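Visitor: I would like to ask how the terms are applied here. Please show me the model first.

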Amino acid sequence: MQLLKRVHQFGSTKHRFASDIGSTNRQKMNLFQAINNALDIELGANPKALLFGEDVKFGGVFRCSQGLNEKYGTDRVFNTPLCEQGIGAFGIGLASVGYTAIAEIQFGDYIFPAFDQIVNEAAKFRYRSGNQFNCGSLTIRSTWGAVGHGALYHSQSPEAYFAHTPGLKVVVPRDPIQAKGLLLASIRDKNPVIFFEPKALYRNAEDEVPLDDYELELSKAEVVQQGKHITLIGYGTSIRVLREASKMAEKDGVSCEIIDLQTIYPYDGQTLVDSVKKTGRCIITHEAPQTCGMGAELSAFIQEKCFLHLEAPIRRVTGYDTPFPLVHEPIYLPDKFKIYEAIKESVNY
Amino acid sequence: MIFRISRSCFSSISVKLPSFKVHHLELQQLPKTATTTSSELLAYYKSMQLQRRMEIACDNLYKQRLIRGFLHLADGQESIYEGLHAGLTYDDCVITAYRDHCIALLRGDTPHQIIAEMMAKQTGSTKGKGGSMHYYKKATNFYGGHGIVGAQIPLGTGLAFAQKYLKKPNVTLIMFGDGAANQGQLYEAANMAQLWHLPAIYFIENNLFGMGTSIDRASANTKFYTRGDVIPGIQIDGNNVFQVRETLKFAKKHCLEKGPIFIEAMTYRYHGHSMSDPGVTYRTREEVQQQRKTRDCINYVKNIILENKVADEHQLEEIDNSTQNEIDIAVEQAKVDPVPPSTELTTDVYVDNENHFIRGILYKDSVLPKSQ
């Protein structure tokens with residue numbers, strides 16, 4: 001305990017898993033409070049950190065930046081006009097002169113005006129300047145995923161578009177403790193990171209979050225539930241759905257191993273491979289449409305590494321190949337029933 | 001509001017218009033008065049009341065969770081929509097953002113269709129697949145209804161190009177808000193419009209706030225009517241239905257002769273940005289109440305009606321009741337309508353859906369092309 005306390009005095013502690021954090025200095029927080037806490041810590045520790053975006057000043061539409069403008073002032077926590085391309089590009093510029101730019105895009109569905117800047121400017125900056133310049137201290141935070149009634153433009157999961165771009169990192173947390181650690185790691189990672197926050201969990205997910213400054217390793221997947229018969233891979237809100245489906249499968253005597261990918265790109269292939277070699281079966285789930293989603297990439301990778309260990313084809317349980325619908329959302333989403341059905345088919349193959 | 005009314009013996013009423021602010025235009029080109037008649041006044045009153053009551057009904061339905069998702073109400077801004085309806089024709093194209101229920105109403109949808117659409121019912125304007133932000137009507141050249149801020153602006157410029165190319169005596173009204181005025185795509189589109197002299201009216205509904213950010217905190221230049229740079233611009237009182245109407249008539253003439261124009265209509269929304277926004281964290285309740293008392297667009301028309309003895313309080317109350325009744329009937333009908341069937345999830349993705357493979361979650365749920 002004495003040793004741990006001393007480590008904390010010297011700044012952030014880095015951990016592989018949230019369970020490694022021994023801290024007893026915790027507080028019950030939901031996801032937006034954990035994000036708020038992470039931002040507070042970074043703004044406090046790093047005088048060159050800036051937080052900006054649409055409506056960020058009054059606390060943000062999801063309360064993630066609550067109180068931060070009052071604490072750190074308008075030259076560090078400020079509103080931008082309604083211009084995503086401007087926000088993204090402005091962030092790249094700030095990062096390239098050494099500021100820690102934390103740019104907020106209010107909904108992931110609106111990130112596309114900034115797509116060119118992110119893909120062509122941010123991702124390739126270090127490469128094309130021969131490492132003379134970089135925008136590594138840029139982090140783009142955006143909201144992500146279905147929320148029950150978001151329809152076409154408040155529910156999208158755009159991670160696959162960015163995972164297809166070398167030079168970027170993409171991260172999606174599943175819970176408040178992960179969110180705080182992964183966000184701090186993302187901000188401090190010396191590469192541009194896109195951090196997607198599952199908006200459905202802002203209020204619903206609660207946990208006893210350590211109040212210290214801690215980071216969780218990027219590009220490390222976490223086995224959140226050990227199992228023998230089948231590997232279930234997901235991220236963000238999907239982890240809850242996988243837990244529900246695995247409870248249903250348990251009644252049939254099927255033991256499921258659940259892995260949270262956490263960093264979508266570059267992903268931790270080793271953890272996935274170790275698991276599938278053990279179980280021989282795999283299901284990947286995400287809300288985004290099926291074709292060319294992360295499920296496609298992970299399936300290709302896993303079958304390449306584990307071909308002779310597979311007992312059944314790798315299954316993807318995902319959203320349909322349609323725009324995110326309005327009232328048909330419950331049909332569209334990969335829910336626990338669809339995953340349970342896939343588990344059954346895989347086990348009985 | 002100061003207005004002078006005079007009644008001629010042909011029972012037409014003359015209304016003095018508020019002053020204009022102009023950019024690259026001469027003030028004398030613009031009218032100082034507008035004429036109206038008793039029946040027209042009552043028609044405006046009734047139509048704006050219908051819009052207002054429809055929006056309030058949607059507010060109630062949202063609170064009852066019968067409308068879900070994101071709902072952006074336009075109560076307080078009815079005169080803009082009434083004015084555009086009066087100043088333009090159904091052959092002129094209209095395109096706007098997500099505060100579009102009233103335009104849908106004025107472009108031919110019934111209150112029942114509009115409310116059903118928000119409740120995601122099959123009988124809605126867009127088959128229940130679009131929701132509050134996505135109303136369209138091909139027959140009356142209403143091109144929607146867009147969720148992404150500013151995306152409709154270059155799209156509308158394309159419509160204007162088509163009109164010019166096809167030598168139509170028509171214009172495109174491209175509507176957006178003060179927040180969207182900072183989107184780069186506006187300037188890309190306006191540049192093209194001016195370069196090629198397109199009949200595009202860039203119409204800014206300035207309700208002083210972009211979500212929760214006031215115009216001074218978002219825009220370096222808050223004179224939105226000048227933001228077109230070399231493109232002429234006019235600033236008007238959007239809460240005055242006559243000024244909106246006359247300005248659009250003038251704008252149409254201008255566009256067909258010369259090219260694009262910027263119009264900034266000053267207005268105010270009583271609700272917050274959407275139903276998730278209480279609307280009082282960035283402005284005071286007193287300010288909202290003050291706007292309701294002194295600048296309400298329906299009260300403006302009501303006062304003209306009463307001053308000119310076109311109708312009395314009792315008759316106006318009857319109109320209020322009949323519009324309320326109309327909305328209530330529409331709501332009750334929409335409540336019992338069915339939602340679109342689950343097969344609609346995979347229709348309209350492509351024009352020839354039958355020839356496409358739409359991947360289901362399980363392969364066996366996929367929509368297979370007809371040929372297979």
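Guide: Helices (H or I, at least four residues) and strands (E, at least two) are DSSP runs, numbered from the N terminus. This is a predicted model: local features need pLDDT of at least 70, side-chain atom pairs count only at pLDDT 80 or more, and totals for chains, interfaces and linings use all residues. Residues are numbered from 1 along each chain as written, chains are lettered from A and ligands numbered from 1 in the order of writing, and side-chain values use heavy atoms, without hydrogens and water.

Visitor: Which peptide bonds are cis?

Guide: Among them is the one joining B:Gly144 and B:Gly145, with omega about 25°. B:Gly145 is also in the loop between α4 (111-118) and α5 of chain B. In chain A, the bond from A:Tyr265 to A:Pro266 is cis, with omega near -5°. A:Pro266 lies in the loop between β14 (263-265) and α11 (269-279).

Visitor: Why are A:Glu104 and A:Arg141 called a salt bridge?

Guide: The rule asks for a side-chain nitrogen of Lys or Arg within 4 Å of a carboxyl oxygen of Asp or Glu. The closest N and O atoms of A:Glu104 and A:Arg141 are 2.9 Å apart, so the pair qualifies. A:Glu104 is in strand β5 (residues 100-105) of chain A and A:Arg141 in strand β6 (residues 138-144), so the pair ties together parts 37 residues apart in sequence. Over all chains the count is 33 salt bridges.

Visitor: How do you know that chains A and B touch?

Guide: In contact (heavy atoms within 4.5 Å) are 40 residues of chain A and 40 residues of chain B. The buried area (accessible area, 1.4 Å probe, lost on putting two parts together, summed over both) is about 3100 Å², and carbon and sulfur atoms give 66% of that.

Visitor: Which elements supply the side of chain A that touches chain B?

Guide: β16 (315-319), α13 (329-332) and α14 (336-347) of chain A each give two or more residues. β16(A) gives the most, with five residues.

Visitor: What makes the residues B:Phe161, B:Tyr165, B:Leu166, B:Met192, B:Leu195 and B:Trp196 a patch?

Guide: Patch residues have over 30% relative accessible area and no salt bridge; like charges are joined within 9 Å, nonpolar side chains (Val, Leu, Ile, Met, Phe, Trp, Tyr) within 5 Å. These six form a nonpolar patch on the surface, with about 660 Å² of accessible area together (Shrake-Rupley, 1.4 Å probe, only the protein chains shown as cover). α5 (152-165) and α6 (184-195) of chain B each supply at least two of the patch residues. B:Phe161 is in helix α5.
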